[in-house]
Amino acid sequence: MKLYLSSYCIGSDPTKLTELFSANKKAAVIANAMDFLEKSERDKSVKQEMDDLTKLGLTAEELDLRDYFDKSKGLSEKLNTYGLIWVRGGNTFILRRAMAQSGFDKLLKEKNKDPDFVYAGYSAGICVLSPTLRGLELVDYPRRIPYGYKSNIIWNGVDIVDFSIAPHYRSNHPESAEVEKVVEYFTQKRMPFKTLRDGETIVVTKSNKF
């Protein structure tokens, strides 16, 4: 699996993403990190993500993980139709719950074996790939529970990469001040981590951890 990990939106050089495309240019937008929003506001954010991907030559549609809560077999079949998954930012803890309740987290482990499949996203969409979500409670509220979600906090990340991520680092972003506290936490706990300023990306073109 190829990874495109952006601090904010597509980043300053979209060609880095387009270079990862396979022949399958069907893309899914996962926006469950924004499930705490009113529907109209959430729908607007999803449309913007799809428009941005369409401009890059992809055919984009929303994949709402809530439709697959306790229906992981159906989600597995759906995932196989996509060449790229785009996971937008929001609340990391809500996104992690959505991935667990739909079985997406386990299915993503399987997709990690596919050299052509692309996982791309930003902010919460990349933080969730870490081994742990510890420290992110300093910037994301872990007890925000949208309708239909289980109330337990999942502290384990999906564990696709072997480091934690601090997006919006020293950037012109409303959360940048809180991110400084997250970095301090990572440092104090001697956790492996990487910082990303808005515009920056991490690109991984091999299917195993690095």
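Predicted model: local features only at pLDDT ≥ 70, side-chain atom pairs only at ≥ 80, totals over all residues.
**Strand E4 and its neighbours**

I started at Trp86, whose bridge partner in E5 is Ala120. E5 is residues 118-122, and four bridges join this strand to E4, the two running parallel. I count strands as DSSP runs of E with at least two residues, helices as runs of H or I with at least four, numbered from the N terminus. Two strands pair if DSSP finds at least two bridges between them.

Numbering runs from 1 along each chain as its sequence is written, and side-chain values use heavy atoms, with hydrogens and water left out.

Next I looked up E2 (residues 26-30), which pairs with E4 in the parallel sense over four bridges. Ile30 sits opposite Val87 of E4.

Which way do the E4 side chains point? Leu84 and Trp86 go one way, Ile85 and Val87 the other, and all are buried. Buried is under 20% relative accessible area, exposed over 50%, partly exposed in between (1.4 Å probe, protein chains only). In a regular strand, side chains alternate between the two faces of the sheet.

**Largest pocket**

I then checked the largest pocket, which holds about 280 Å³ of space. Its lining has 20 residues, and closest to the centre are Arg88, Gly89, Gly90, His173 and Glu175. (A pocket is an open set of points on a 1 Å grid over the protein atoms alone, where a 1.4 Å probe fits, with protein on both sides within 12 Å along at least five of seven lines; lining residues have an atom within 4 Å of a point. Volume is the space filled by probe spheres set on the points, which are joined across faces, edges and corners.) Helix H2 (residues 39-55) gives the most to the lining, with three residues.

**Cysteines**

How many disulfides are there? I get zero, taking a disulfide as a pair of cysteine sulfur atoms within 2.5 Å. For Cys9, the nearest cysteine sulfur is that of Cys127, 14 Å away. Cys9 is partly exposed at 24% relative accessibility, whereas Cys127 is buried at 3%.

**Whole chain**

Last, I noted seven helices and eight strands in the protein chain. The radius of gyration is 16 Å, close to the 17 Å of the globule rule for 210 residues, so the chain is as compact as a globular protein of that length. (That radius is over C-alpha atoms; the rule is 2.2 Å times the number of residues to the power 0.38.) Buried residues make up 52% of the 210.
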